Amino acid sequence: MQQVGIEALSVYGGAAQLELRKLAQARQLDISRFDNLMMKEKAVSLPYEDPVSYAVNAAKPIIDRLSDADKQRIEMVITCSESGIDFGKSMSTYIQEYLGLSRNCRMFELKQACYSGTAGLQMAINLILSQTFPGAKALVIATDISRFLVAEGGEAINYDWSFAEPSSGAGAVALLVSDTPHIFQIDVGCNGYYGYEVMDTCRPNPDSEAGDADLSLLSYLDCCENAYRHYQNFLGSLLLRLGFDNVGR
């Protein structure tokens with residue numbers, strides 16, 4: 001079967017960080033709850049940083065290591081973000097420009113909260129598997145900046161939203177997807193998925209955001225468990241079709 005997966009990976013977390021306990025003290029939040037977050041600091045975007053600059057900084061180390069020939073084989077750029085800066089076009093056009101990528105390239109953007117990065121990876125995988133353009137590569141970049149909504153004086157509009165700010169930050173992850181998966185090879189066709197509507201976060205415009213951290217966590221755990229069950233059922237059916245009749249025993 002055709003190999004496909006992540007050839008290279010790079011992460012950019014920005015130039016500034018903030019200690020969570022200091023933020024919690026300033027917001028008068030329950031400090032004891034922060035041990036559960038397993039976080040010490042969060043990234044804070046500076047005035048000169050935006051989702052495009054995060055994305056370019058994440059992807060540039062990957063691009064700089066490629067030969068000119070390999071760089072020309074990047075035929076798709078997908079940005080995955082909740083922080084789009086334009087209703088008309090995707091941030092991938094800016095990224096293609098600043099990274100000096102070929103103009104023979106598909107560029108678009110995906111938005112679906114935290115799932116968009118996975119969706120972008122799946123789309124890139126399918127491009128490689130299609131073999132429509134043998135040897136092609138795809139650049140997938142998940143990039144975001146949190147804009148937590150507060151009232152005057154720095155207080156959360158709703159107490160249930162107050163713990164969303166410390167658990168969110170900013171940054172970008174760039175993945176180069178190809179048929180030479182040096183970092184991670186995909187087990188083609190073996191995945192599970194599960195999702196539903198839940199009002200755990202709200203982002204009515206690019207510069208404001210609110211959410212319920214507890215509801216979000218519980219929703220993630222629910223989806224993780226049921227996605228794994230979906231994966232088990234799919235894999236079990238697949239193995240049975242291949243002649244393995246003791247699956248799940």
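# Legends to close-up views of a predicted model

**View 1. Asn226 in helix H6****.** Asn226 is buried, with a relative accessible area of 17%; buried denotes a relative accessible area under 20%, exposed one over 50%, and partly exposed a value in between, computed with a 1.4 Å probe on protein chains only. The model is predicted, so local features require pLDDT of at least 70 and side-chain atom pairs count only at pLDDT 80 or more, while totals for chains, interfaces and linings use all residues. Residues are numbered from 1 along each chain as its sequence is written, and side-chain values use heavy atoms, with hydrogens and water left out. Helix H6, in which Asn226 lies, spans residues 213-241. Helices (H or I, at least four residues) and strands (E, at least two) are DSSP runs, numbered from the N terminus. Although Asn226 and Gly192 are 34 residues apart along the chain, their C-alpha atoms are separated by 8.3 Å.

**View 2. The chain as a whole.** Six helices and 10 strands are present in the chain. Of its 249 residues, 38% are buried. Taking the contacts between residues at least 6 apart in sequence, 78% join residues at least 24 apart; a contact means heavy atoms within 4.5 Å.

**View 3. The open sheet of six strands****.** The strands follow the order S5-S4-S6-S7-S1-S8, and their pairing is mixed. Strand S5 (106-110) and strand S8 (184-185) stand at the edges with a single partner strand each, so one side of each has no neighbour in the sheet. Two strands pair if DSSP finds at least two bridges between them. Strand S1 (residues 5-12) and strand S7 (residues 170-178) run antiparallel and are joined by seven bridges. Within this pair, Tyr12 stands opposite Ala172 in S7.

**View 4. Helix H2 across the sheet strands****.** Helix H2 (residues 51-65) lies across S1, strand S4 (74-80), strand S6 (137-145) and S7, and runs at about 40° to S7. Axes are lines fitted to C-alpha atoms, for helices over the stretch in contact, and angles run from 0 to 180 degrees between N-to-C directions. Pro61 is found in H2 and is partly exposed, with a relative accessible area of 30%. The C-alpha atoms of Pro61 and Ala174 are separated by 9.5 Å, the two residues being 113 residues apart along the chain.

**View 5. The buried and exposed faces of helix H4****.** Helix H4 (residues 92-99) lies across S4, S5 and S6, at about 135° to S5. Ser92, Ile95, Gln96 and Leu99 of H4 are buried. These residues cover an arc of only 100° around the axis, which puts them on the same side of H4; the arc is that of the directions from the helix axis to the C-beta atoms. The cover over the buried residues of H4 includes H2, helix H3 (68-72), S4, S5 and S6. Exposed residues Glu97 and Tyr98 are carried on the face turned away from the buried side of H4. After H4 comes Gly100, with a positive phi near 70°.

**View 6. The hairpin of S9 and S10****.** Strand S9 (residues 201-205) and strand S10 (residues 208-211) pair in the antiparallel sense over three bridges, with two residues between them in the hairpin. Thr201 has Gly211 in S10 as its bridge partner, and Cys202 stands opposite Ala210 in S10. In a regular strand the side chains alternate between the two faces of the sheet. S10 is covered on both faces: Ser208 and Ala210 are buried on one side, Glu209 and Gly211 on the other.

View 7. Ala113 is partly exposed, with a relative accessible area of 33%. Gln131 is partly exposed, with a relative accessible area of 30%.

**View 8. The largest cavity****.** A cavity is a set of points, on a 1 Å grid over the protein atoms alone, where a 1.4 Å probe fits but cannot get out; lining residues have an atom within 4 Å of a point. Grid points are joined across faces, edges and corners, and a volume is the space filled by probe spheres set on the points. By this rule there is one cavity of 30 Å³ or more. The largest cavity holds about 40 Å³ of space. Its lining consists of Leu127, Ile128, Gln131, Phe133, Gly135, Ala136 and Asp179.

Notes:
On a 1 Å grid over the protein atoms alone, a cavity is a set of points where a 1.4 Å probe fits but cannot get out, and a pocket is an open set with protein on both sides within 12 Å along at least five of seven lines; lining residues have an atom within 4 Å of a point.
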